[in-house]
Amino acid sequence: QMLAKLREKYGTLLYEADDQRYYSFPSLECLCAVKEQDLRDMGFGYRAPFIVRSAQYIVRHGGMQWLEDLREEKDMDALREKLLTLHGVGRKVADCVAVFSLDKAHVVPVDTHVWEIACRDMDPTLARVKSLTPVVHQRVNDIFIERYGTFAGWAHSLLFAAELPRFASRLPRTLQEEMKSFREECKQKRAETKREKTAASPSPSPKVKKNGQVTKMTTTQTSSSPKRQASRSLMAREKGSRARHRSTRFTTHSAHVAPGQWGSSTLEFTDWSIRWYV
């Protein structure tokens, strides 16, 4: 639906029949000139800057020739690295582009769902991994290739689609029950992992009031995330203090609610801060 809006607004009308209009995909030069806010208004949300900046990057590095060279690239690692230079593109998206747009039919984009399919149907030992690292991505890809050959990427698409409710109902009943049982097992494992992490986390700091609101402080470790960097920078502005401090994240909750019920809005750092002295 978003792509249809993009083509209709910025593409060229190609054909019209039976009250249907078909538009071309907008050119790179056209996408470079698009305003991010216009894309947000069309429903692209956080993707808006990714589209504009990626188009601008491609034009700066050769335009259509840069894209054509990607199709000719034989080294998948080199191809992936080039795709990862585009704003907002991660490993899975890069692999999706490779298999669906660049004729790399053996590439398998891996996410949690694909990993679960591999665990259930191909290699149960994959369930031991803690996260989807690049090594795990490659391992899943290799397992698919061993079973499905050079068209492993398209086989992955069929298996992925079979997990969707609109298609799963067409599968044999026994297979549906097996898939349902495995999903429940995965759900229980995730819940157990979450409980273990919660039990291992430190107790929350006491709540304090600020401007009529209740603020809950939670201690965080040193991190490079932008919000936490902003937190540390804000507290560092206070001069004359010799006390050591840790960066603190604040989550505000409405004070005008029933006991035990809280809102969920996140407080942006302003011109004040609270320091936790240790």
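Residues are numbered from 1 along each chain as its sequence is written, and side-chain values use heavy atoms, with hydrogens and water left out. Because the model is predicted, local features need pLDDT of at least 70 and side-chain atom pairs count only at pLDDT 80 or more, while totals for chains, interfaces and linings use all residues.

**Helix α12**

Helices (H or I, at least four residues) and strands (E, at least two) are DSSP runs, numbered from the N terminus. Helix α12 covers residues 173-200, which is 28 residues. The expected span of a helix is 1.5 Å times one less than its number of residues.

Gln176, Met179, Phe182 and Cys186 of α12 are buried; buried means under 20% relative accessible area, exposed over 50%, and partly exposed in between (1.4 Å probe, protein chains only). The buried residues of this helix pack against α8 (112-121), α10 (152-162) and α11 (165-168). Contact here means heavy atoms within 4.5 Å.

**Nonpolar cores**

A nonpolar core is a set of buried Ala, Val, Leu, Ile, Met, Phe, Trp, Tyr and Cys residues joined through side-chain atoms within 4.5 Å. The largest has 24 residues, and Leu6, Leu39, Leu79 and Leu83 have the most contacts inside it. At least two residues of this core come from each of α1 (2-10), α2 (28-32), α4 (48-60), α5 (64-72), α6 (76-84) and α7 (91-101). With five residues, α4 gives the most. Leaving aside residues up to four places away in sequence, Leu39 touches Leu6, Tyr10, Val34, Phe44, Gly45, Ala48, Ile51 and Val52. Another core, of 17 residues, lies apart from the largest one; Ala118, Val136, Ala152 and Cys186 are among its members.

**Pockets**

On a 1 Å grid over the protein atoms alone, a pocket is an open set of points where a 1.4 Å probe fits, with protein on both sides within 12 Å along at least five of seven lines; lining residues have an atom within 4 Å of a point. Grid points are joined across faces, edges and corners, and a volume is the space filled by probe spheres set on the points. In the classes below, Ala, Val, Leu, Ile, Met, Phe, Trp, Tyr, Cys and Pro count as nonpolar, Asp, Glu, Lys and Arg as charged, and the others, Gly among them, as polar.

| Pocket | Volume | Lining by class |
|---|---|---|
| Largest pocket | About 1300 Å³ | 25 nonpolar, five polar, four charged residues |
| Second largest pocket | About 690 Å³ | eight nonpolar, three polar, nine charged residues |

The largest pocket is lined by 34 residues, of which Leu3, Phe25, Ile51, Val97 and Ser101 are the closest to its centre. The largest share of this lining, seven residues, comes from α7. The second largest pocket is lined by 20 residues, and the closest to its centre are Trp115, Ala127, Val129, Lys189 and Thr193. Here α12 gives the most, with nine residues.

Asp123 is found in the loop between α8 and α9 (134-148) and is buried, with a relative accessible area of 18%. Asp123 touches Ala118, Arg139 and Ile143, not counting residues up to four places away in sequence.

Asp18, in the loop between β1 (13-17) and β2 (20-23), has a positive phi of about 55° although it is not a glycine. Asp18 is exposed, at 74% relative accessible area.
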